[in-house]
Amino acid sequence: VESKCRCAGDCRCSGQDLSRLKPVSEEWLTGTLPGSFGFGVNLMGSSMSAGESSRQLHEKMILEIQADLGEEEEFGGFVGAAGSTKFFNPLSEEICKRIGKALGRSQEKLALITGGFAGVGETMSRAFSAERKAHNRPENVYMVLPETDPEIETKFMDKAKTRKGPDGSTLFAEWDYGKTLFYGKSNHERLQILGCLGTIILIEGGPGTSIQARLVEEAGHVVIPVRCTGGAAGNRSIGSSPFTSLLERLMGEEVDEQWGRTREALRVAQDAWKLLDAGEVTDAAKVAEAVVQVANTLVKHAGLLTGALPVLGQPRDNTKRPAHMKVLQTQEQVLEYMRSFTGVVLFNGYSAADQYDNLQDVDRIVDLLVQVLDERFGKNWLVLYKGDPYKAGVADVACPVRRLHFMHGKAVLAVQCELYGRQVLAPANGEQYAHLAGGALYQYETKYHFDRQANKRLIQSGGDDSKRTLCGGSSICFSPEVRSAGFPSCHVLLGGGQIAVDEADFCTMYEIPIFYARAMRKC
């Protein structure tokens with residue numbers, strides 16, 4: 001089953017699939033392959049074309065910035081500034097200065113990234129840098145310029161400093177504060193790279209800024225438009241509140257004290273968003289305060305604003321809980337439960353954000369795979385996965401797991417963080433976790449980290465953390481105690497994203513057999 005999507009060129013899918021996992025044989029099921037199960041894979045680095053994609057360059061840029069910031073587990077994320085290279089609105093310059101200064105005082109651990117040109121980017125980043133240095137804090141400000149541009153000596157001459165290269169060509173030069181990075185061979189390429197950035201603050205701006213803003217939104221990030229400055233920021237098709245759906249949910253339910261505080265923080269941020277969106281307030285101090293309120297809330301609560309909404313407070317209605325599902329309280333109980341089976345098979349696949357293109361192909365692979373595993377372990381082997389809920393019409397990893405339970409009679413163990421584990425204990429409907437009937441749930445402590453793929457501070461759901469150590473559910477599935485007991489017996493990847501790659505790398509390191517089937521992603 002092919003792993004690549006049907007998009008042409010540099011789509012958002014290209015950085016997400018498992019193309020660097022190469023099957024050992026075309027006849028992956030029936031051939032004689034490495035490993036004791038009759039199947040396996042070779043992990044090989046992906047071949048890089050001469051012209052790297054904007055996403056690949058973006059990831060290089062983020063890694064360079066992270067290396068400069070150092071290992072900071074509590075790092076919250078990046079905030080970008082985008083807009084005009086010279087001011088047209090008399091309010092804009094003062095607004096930029098005040099935003100930069102207020103962000104520089106923020107207690108959230110963040111970094112500011114700009115496009116490296118004069119105007120909005122320079123004004124905001126200089127104020128940010130000065131405020132942080134005044135309080136003896138690292139600057140944490142980065143200007144991203146292209147190496148050059150065909151119009152560098154005309155259109156861009158007064159927008160950034162330049163220098164002469166060894167061959168006499170004109171190149172962009174470093175700024176005298178913060179750190180200047182050079183990515184892309186032209187301004188167009190630079191815009192594509194910055195389009196993968198996280199939250200950006202939009203002030204004025206022309207066609208180039210509009211392109212960047214739309215790329216940011218297409219990548220699933222937030223644009224904070226300061227409407228009163230006009231230009232691209234005044235375009236109401238750009239920028240929509242990320243707080244609305246979660247806030248409406250919180251307002252409609254009885255919540256505990258912790259969620260009450262979260263609700264109040266989101267309400268304040270939503271009020272700030274409304275002030276900016278209306279575009280009627282022109283007081284620079286009030287506008288800047290609103291922008292920083294929104295940005296700080298996005299950094300602090302990114303984990304809640306991304307993905308499915310959790311159950312709020314303590315579960316109250318457990319009538320839809322899977323029948324005869326065991327709730328394991330300790331890792332010792334997890335190990336004891338695993339030992340009651342003849343094998344433990346870890347499954348990875350696509351999340352609800354990606355999904356399979358053709359579930360019939362996946363079903364066929366699952367049915368054939370069960371035959372092989374039944375021959376190896378007998379029929380009493382356990383399915384281990386990260387606890388994704390089943391949703392009708394959503395073709396994610398929960399679908400093959402559900403098939404394993406209902407079609408093949410396999411018990412399922414879900415390993416999920418406490419925040420989302422509450423959903424299993426009090427599902428919205430009886431279908432979400434019906435495949436856990438007769439199975440088990442283990443909930444681990446919910447922790448957050450900066451996710452290098454999403455460029456946000458998110459829940460540690462699994463894969464490697466910034467120190468290249470397995471975190472979240474992966475740390476449970478591959479704990480030393482579990483591995484010492486001989487589990488997981490093997491690792492099955494039916495497509496998947498970065499977590500699947502990290503876990504496959506770990507399996508290769510510790511010689512845990514891997515089965516990988518290419519599965520086309522929906523676009």
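Predicted model: local features only at pLDDT ≥ 70, side-chain atom pairs only at ≥ 80, totals over all residues.
**View 1. Asn-136 and Asn-140 in the loop between α3 and β5.** Asn-136 is found in the loop that runs between α3 (120–134) and β5 (141–145), and Asn-140 lies in the loop between α3 and β5 as well. The backbone of Asn-136 has a phi near 55 degrees, which is a positive value in a residue other than glycine; Asn-140, although not a glycine, likewise has a positive phi, of about 55 degrees.

**View 2. Helix α11 against helix α12.** The axes of α11 (residues 359–377) and α12 (residues 398–406) come within 10 Å of each other and cross at roughly 40 degrees, an angle that makes α11 oblique to α12. In this crossing, which is right-handed, α11 passes α12. On the side of α11, the contact is made by Leu-359, Val-362, Asp-363, Val-366, Asp-367 and Val-370, and on the side of α12 by Cys-399, Pro-400, Arg-403 and Leu-404. Sorted by class, the contact of α11 with α12 has seven nonpolar and three charged residues, and no polar ones.

**View 3. Helix α7 against helix α8.** Helix α7 (residues 257–278) packs with helix α8 (residues 284–300) at an angle of about 135 degrees, the two axes being 8 Å apart. That angle makes α7 oblique to α8, and the crossing in which α7 passes α8 is left-handed. From α7, the residues that make the contact are Ala-265, Leu-266, Val-268, Ala-269, Ala-272, Trp-273, Leu-275 and Leu-276, while α8 supplies Lys-286, Val-287, Ala-290, Val-291, Gln-293, Val-294 and Thr-297. These residues of the contact of α7 with α8 divide into twelve nonpolar, two polar and one charged.

View 4. Asp-277 has its place in helix α7 (residues 257–278), and Arg-227 lies in the loop between β10 (223–225) and α6 (244–251). The two residues are 50 apart in sequence, yet their C-alpha atoms are 5.8 Å apart in space. Asp-277 counts as partly exposed at 25% relative accessibility, whereas Arg-227 is buried, with a relative accessible area of 7%. Leaving aside neighbours within four places in sequence, Asp-277 is in contact with Arg-227 and Arg-236. With neighbours set aside in that way, the contacts of Arg-227 include Arg-236 and Asp-277, and among them are also Leu-276, Gly-279, Ala-233, Gly-234, Asn-235, Ile-238 and Gly-239.

View 5. Val-223 has its place in strand β10 and counts as buried, with a relative accessibility of 1%. Val-223 and Ile-201 are 22 residues apart in sequence, and the distance between their C-alpha atoms is 6.1 Å. Beyond its neighbours within four places in sequence, Val-223 is in contact with Ile-200, Leu-202, Ala-213, Val-216, Glu-217, Ile-238, Gly-239 and Trp-273. Of these contacts, Trp-273 is one of the α7 residues that make the contact with α8, and Ile-238 and Gly-239 are among the residues in contact with Arg-227.

**View 6. The aromatic pair of Phe-347 and Trp-381.** The structure holds nine aromatic pairs. In the pair of Phe-347 and Trp-381, the ring centres are 6.4 Å apart and the planes lie at 15 degrees, so the pair is stacked. The pair links distant parts of the chain, with Phe-347 in strand β12 (residues 343–349) and Trp-381 in strand β13 (residues 381–385), 34 residues apart. Both Phe-347 and Trp-381 are buried. Elsewhere, Phe-117, Phe-156 and Phe-172 form one aromatic cluster.

View 7. Pro-488 itself lies in the loop between α15 (480–484) and β18 (490–494).

Technical notes
Residues numbered from 1 in each chain as written. Heavy atoms only, no water. Axes fitted to C-alpha atoms, helices over the stretch in contact; angles between N-to-C directions. Helix = DSSP H or I, 4+ residues; strand = E, 2+ residues; numbered from the N terminus. Parallel < 35°, antiparallel > 145°, perpendicular 65-115°, else oblique. Left-handed = near helix turned anticlockwise from the far one by under 90°. Contact = heavy atoms within 4.5 Å. Nonpolar A, V, L, I, M, F, W, Y, C, P; charged D, E, K, R; others polar. Buried < 20%, exposed > 50% of the residue type's maximum accessible area, 1.4 Å probe, protein only. Phe/Tyr/Trp six-rings, centres within 6.5 Å; stacked < 30°, edge-to-face > 60°.
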